Amino acid sequence: MKATTFIYDGTFEGFLTSVFEVYEKKVVYPKIMKQEHYKASFFDISEVVITDTHKADRVWKRINEIASSNAKRTIYHAFLSEQPTIENDLLYLLKKLFSTSTPKLIDKDFSDQIILKISKIVKMVDREKHRMDAFVRFKLTLDNIYTAIIEPDFNVLPLNSVHFKNRYADQKWLIYDSRRKYGVFYNLIEIQTVEIEFFNNIALDKIAKEYLCPNEDAFQVLWKQYFDSTNIVSRKNLKLHIKHVPKRYWKYLVEKRGV
Amino acid sequence: MNFERIKEKLEILADAAKYDVSCSSSGSKRTNKNKGLGDSSGMGICHTYTEDGRCVSLLKILLTNHCIYDCAYCVTRRSNDIKRAAFKVQEVVDLTISFYRRNYIEGLFLSSGIFKNGDYTMERLIQVAKKLREEENFNGYIHLKSIPGASDELMREAGLYADRLSINIEIPTEKGLKLLAPEKNRKDFIQPMQKVANEIIQYKSEKKLIKSTPIYAPAGQSTQMIVGASGETDAEIMYTSSYFYKKFNLKRVYYSGYVPISYDNRLPSIGSDVPILRENRLYQTDWLLRFYGFDIRELLNKENPNLDTDIDPKLSWALRNFGNFPIDVNRADKNMLARIPGIGLKSVYKIINARRFRKLNWEHLKAIGISLNRAKYFIVCDSRTFESKDRTAAQVKGLILGSIKSKFHHSYSNQLNLFDGQQKIIS
Ligand code: SF4
């Protein structure tokens, strides 16, 4: 039998709406795919899903009723991984969740290949989130906004914003994901999602000097000095260093790029 | 801010502080309540790593490297001919805040050489912390050094602003201390440590009755021992460590392989290797004691005063107690699973959950991520094939060393798993 592919807009609500449609239409071989990944083929059965908050809410509510809080977290974090087949893996998990007699344990069956795979993906997403908590380097702009540009491997910015809001409650800050072309901006009251043309496709860290606070460079120099002085040369271990700070992140890091 | 001058001071005073290996920023419960700056209620964050692979979480500096003492193992000792410098209190405050706001650090770790006397020095450290908390509304992490000889009143005050306090034993044995720091007395660092321990206990009991009790050193106390400076055995180090964990309820003991910094003939000479592998083994042992349910006497005793270097301490233990194995992974309890070589705590968690659904076989265990090349000699599972049961411990050791020889070469020469988030040290 042919599979039916549900094509959605890439948002979490869109994904949940797709799940709703799968159940509503009792599709036997469903697939869910992001618009951007979908390549139409003559033999496919496909259906474009229109994101519907109401339908998404119903699915999420159902998940909330039966799943453990960790499973909910697993579903959302795995989704943010943007892995090509993550929708289908999650659909598998959800089907299990809706049919098992032990829904609270569903994410803990590490002897199930797909569940184990999802748990590993979540681990990667969480690690990337944690890395962004660590590797964001703010620069103070002339309009007094601590600004950083990032390009994380996964779409983790929504997970980071709470952390930064708790921490930097008394300063304005902006973190921009230049790959996904959106950012979060904290205006001392609340967090807003923003799209700023200026930051799109800007090479990381190329925020031009004229936009920055006059002392900004000097602080970066101090930080670099600290980084160098706190190193113990006779214990040098570059392999370990690179393991913890993989090269692809160096572009974020003042101490690795120089000033 | 005079950036040039600050840069010079930073160079000297970060360099002098780097031998203190602690850089933890976890375990505090300080939240950002009043829309101030910073929050240290989460887990610690390493914002970067030095080229030697150590976590950089805090701005770790000395207030000054002027010191009236002459401890042989310390670069700051008064007889050492080096550049001296001192930060002003406000300079440290400003530097901390500007670094924190840029998300470079989790907070400040402030230590100091002892100038004038213990109390005078401790007072200055407290001033920095107090300013950060009260003037800057700073809720980031503050780790202060307890200065040997500081009075009880000052230690009480320090804990009101600091998240963590630490005082380094440095030399594991009293005879070593006599030799290397004859002017120093164990008592001078026990006293502040005892005071802080008492205050923490008192805080915890008062907190239960009165909610508004001001928090006191929520991330507890730690200490550090230098490894390989005074000819001590691993057993001497770890028994001292266990004693301090228990007696003063410490959060952490750090082990710091001695980095030769002096031509003093009481010490390993400049150019000798830093005992990094040994340090790693001590951390593994520490981990086994704190999280894996081992008793110190199982790992180090009269017959075994030093840890094996070729294999990790858990494997050493398992081979010495080979008669207790094999263990059935589908039935053994959590504590027993944690004692199997090649199985870390994360794998224990996965095994316990997964086996509720079905009996586990080699494929499951491999997918979960246990190191079968070690574990397979010590377990049975839901499979028909097993490693032969009539091997001796020595044969098993040979097989394991052989099978991971190439891996060993790498990880030992590079100490790859040394500070591996400090979770994966043992599996
Ligand atoms: S008192 Fe502290 S700073 Fe001074 S020499 Fe001894 S260890 Fe070094």
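Which residues are around the ligand? The views below take up this question and then turn to the contact between the chains. The model is predicted.

**View 1. Residues around the ligand, from chain B.** The stretch from B:Cys67 to B:Arg77 supplies B:Cys67, B:Tyr69, B:Cys71, B:Cys74, B:Thr76 and B:Arg77. B:Gly113, B:Ile114 and B:Lys184 complete the set. By class, the shell holds 5 nonpolar, 2 polar and 2 charged residues.

**View 2. The ligand and the largest cavity.** The space that the ligand takes up is the largest cavity. Among the residues around the ligand are B:Cys71 and B:Lys184.

**View 3. The interface of chain A and chain B.** Chain A brings 59 residues into contact with 67 residues of chain B. About 5800 Å² is buried between the two chains. Carbon and sulfur atoms give 57% of that area. On the chain A side, A:Arg167, A:Tyr226 and A:Arg235 lose the most area to chain B. Together they account for 14% of what that side buries.

**View 4. A salt bridge between A:Lys236 and B:Glu51.** The two side chains meet at 3.9 Å, N to O. Between chain A and chain B the count is 7 salt bridges.

**View 5. Polar contacts across the interface.** Between chain A and chain B, 31 residue pairs are in polar contact, with both residues at pLDDT 80 or more.

Key. Residues numbered from 1 in each chain as written. Chains lettered and ligands numbered in written order. Predicted model: local features only at pLDDT ≥ 70, side-chain atom pairs only at ≥ 80, totals over all residues. Heavy atoms only, no water. Near = heavy atom within 4 Å. 1 Å grid on protein atoms, 1.4 Å probe; cavity = no way out; pocket = protein on both sides within 12 Å on 5 of 7 lines; lining within 4 Å. Sits in = over half its atoms within 2 Å of the grid points. Nonpolar A, V, L, I, M, F, W, Y, C, P; charged D, E, K, R; others polar. Contact = heavy atoms within 4.5 Å. Buried area = accessible area lost by both parts, 1.4 Å probe. Salt bridge = Lys/Arg side-chain N within 4 Å of Asp/Glu carboxyl O. Polar contact = N/O pair within 3.5 Å; in protein donor to acceptor, adjacent residues only side chain to side chain.
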